[in-house]
Amino acid sequence: MAHRYVRVRTLKGQIYYGLLLLSRGVQVLDAPPWLQGEPTELQLEPDTYQLLAPCAPSKIVAVGRNYAQHAAEMGSEVPQEPMLFLKPPTTVTATNTEIYYPQQSERVDYEGELALVIGDRCTQCTPEQSQSKIWGYTIANDVTARDLQQRDGQWTRGKGFDSFCPLGPWIVRELSSAAKLQTFVNDNPQPVQSASISQMVFSPDFLVSYISQVMTLLPGDVVLTGTPQGVGSLQVGDRVRVAIEGIGSLDNVVISRPIPHQS
């Protein structure tokens with residue numbers, strides 16, 4: 001089995017990067033793995049940690065309409081060049097945590113995606129150079145308040161709510177270009193989204209190169225590569241699972257956004 005790189009929080013609140021073992025224990029690393037983290041003597045037992053999102057990006061660069069059939073279902077043409085937008089780091093949440101349904105929205109959609117994790121500073125890179133800048137792969141859900149996205153005419157609010165970027169459960173170094181991406185809602189065994197990642201309009205290497213012509217990508221940053229057709233709405237209480245062959249699955253439940261206590 002391929003190495004699975006995780007980021008965890010212990011019961012005492014310590015945060016570590018590590019390797020997930022077959023026993024579900026974690027071999028702790030002394031630094032993030034893309035910064036040459038090496039194994040330490042510390043090993044966490046299965047019940048002594050919580051999985052976090054596998055990285056803590058300075059930014060999340062996302063790509064819109066990167067599958068032709070999804071562009072069609074949104075009533076749009078395939079872009080001539082990648083359509084970029086940003087999600088703030090505060091959107092990141094882990095597997096088995098909650099997606100908060102914001103009070104401002106009446107339609108919140110799932111969007112299962114392949115996520116790229118950047119391992120080295122990347123600026124003005126060619127597609128060939130970008131291959132070595134992609135350290136690994138994980139799963140993302142580009143949750144979107146669709147009504148707000150359409151109302152605003154730009155995407156910051158609709159894409160930017162806290163918890164709107166579930167990420168995980170871990171990172172793998174290698175992934176088949178034919179890997180299948182599927183999204184499931186609740187107990188329905190039939191996926192609501194199902195596509196091969198090879199159906200992307202713009203490849204991961206091209207995307208990283210294109211983005212690097214605009215902004216410098218830093219180690220630990222994340223690139224979301226777009227969602228295939230089949231996006232749909234979520235309701236409070238729904239469970240959504242995004243699975244990619246060769247990685248695993250990312251599971252989250254939708255709850256109402258908590259109202260903060262007034263002091």
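User: Before we start, when do you call a residue exposed?
Analyst: Exposed means over 50% relative accessible area, buried means under 20%, and partly exposed is in between. Keep in mind that this is a predicted model.

User: Good. Is D187 buried or exposed, then?
Analyst: D187 has 66% relative accessibility, so it counts as exposed.

User: Which residue does D187 form a salt bridge with?
Analyst: That would be R239, with the closest N and O atoms 2.7 Å apart. The two come from distant parts of the chain: D187 is in the loop between strand 15 (180-185) and strand 16 (193-196), while R239 belongs to strand 19 (residues 239-244), 52 residues apart.

User: How many salt bridges does the structure hold?
Analyst: Eleven. One of them joins E111 and R146, where the closest N and O atoms are 2.6 Å apart.

User: What does the E111 and R146 pair tie together?
Analyst: E111 sits in the loop between strand 10 (108-110) and strand 11 (112-118), and R146 is in helix 3 (residues 146-152), so the bridge ties together parts that are 35 residues apart in sequence. Both E111 and R146 are buried.

User: Nice. Which partner does K159 meet in a salt bridge?
Analyst: K159 meets D142, at 2.8 Å from N to O. This pair also links distant parts of the chain, with K159 in helix 4 (residues 156-159) and D142 in the loop between strand 12 (134-141) and strand 13 (144-145), 17 residues apart.

User: Are K159 and D142 buried or exposed?
Analyst: K159 is at 2% relative accessibility, so it counts as buried. D142 is at 0%, so D142 counts as buried too.

User: Now T95. Where is it found?
Analyst: T95 is in the loop between strand 8 (92-93) and strand 9 (97-101). Its relative accessible area is 7%, so T95 is buried.

User: What does the side chain of T95 reach?
Analyst: The T95 side chain reaches the backbone nitrogen of D251 at 3.0 Å. Leaving aside neighbours within four places in sequence, T95 is in contact with L51, L167, P169, S249, L250, D251 and N252.

User: Last one: where is P32, and is it buried or exposed?
Analyst: P32 lies in the loop between strand 3 (26-29) and strand 4 (39-44). P32 is buried, with a relative accessible area of 18%, because the limit for buried is under 20%.

User: What is P32 in contact with, beyond its neighbours in sequence?
Analyst: Setting aside residues within four places in sequence, P32 is in contact with Y17 and G37. Y17 is 15 residues away along the chain, and the C-alpha atoms of P32 and Y17 are separated by 5.7 Å.

Methods
Residues numbered from 1 in each chain as written. Predicted model: local features only at pLDDT ≥ 70, side-chain atom pairs only at ≥ 80, totals over all residues. Heavy atoms only, no water. Helix = DSSP H or I, 4+ residues; strand = E, 2+ residues; numbered from the N terminus. Buried < 20%, exposed > 50% of the residue type's maximum accessible area, 1.4 Å probe, protein only. Contact = heavy atoms within 4.5 Å. Salt bridge = Lys/Arg side-chain N within 4 Å of Asp/Glu carboxyl O. Polar contact = N/O pair within 3.5 Å; in protein donor to acceptor, adjacent residues only side chain to side chain.
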